[in-house]
Amino acid sequence: MTAQPDSLVPFHLAIPVDDIDAAREFYGKVLGFAEGRSDTKWIDWNFGGHQVVTHQVGDGPSGTPRDGVAGTNPVDGHQVPVPHFGLVLPVPEFQQLAERLTAAGTEFVIEPYVRFQGEPGEQWTMFFLDPAGNALEFKAFADLGQLFAV
């Protein structure tokens, strides 16, 4: 996955999961992030140069993912889950990730598509949930200079 650019300051984000083994499979094998330090109840992930930590809450798999989505917000004709987080990738990496997620049987909340086509801020986007119900969005811009376009 994309390395941290020298000009960005890495962020740290800790998220709850109900099954640390399912988190290891999803973040490590499906998404392809490198595992850092870990213990029996948490794992540090190199999330494109940022530190995302999955913390198991509770005693283990409940059989039902918790719903990490507080609500939705309409964007470009879709109901976007909130909260969510993810990475902005180069377009080829975005497309490779979309193929890997599809091959792994991931159910998309919003299928990969081009948002704001022909407008400022045109971008590829996709939304999906991790095994614990945390919403993720991954994006890609043909022109990264459009990241904050208005």
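Predicted model: local features only at pLDDT ≥ 70, side-chain atom pairs only at ≥ 80, totals over all residues.
Residues are numbered from 1 along each chain as its sequence is written. Local features require pLDDT of at least 70 and side-chain atom pairs pLDDT 80 or more, totals for chains, interfaces and linings use all residues, and side-chain values use heavy atoms, with hydrogens and water left out.

Helices (DSSP runs of H or I, at least four residues) and strands (E, at least two) are numbered from the N terminus. The axes of α1 (residues 20–30) and α2 come within 11 Å and cross at roughly 140 degrees; axes are lines fitted to C-alpha atoms, for helices over the stretch in contact, and angles run from 0 to 180 degrees between N-to-C directions. The two helices are therefore oblique to each other, the class left after roughly parallel (under 35 degrees), roughly antiparallel (over 145) and roughly perpendicular (65 to 115). In this pairing F26, K29 and V30 of α1 meet L97, R100 and L101 of α2, contact being heavy atoms within 4.5 Å.

Contacts of F138, not counting residues up to four places away in sequence, include F33, F47, W124 and F128.

T106 lies in the loop between α2 (91–103) and β8 (108–115). T106 has a relative accessible area of 17% and is buried (under 20%; exposed is over 50%, partly exposed in between; 1.4 Å probe, protein chains only). With residues up to four places away in sequence not counted, T106 touches V30, L101 and F128.
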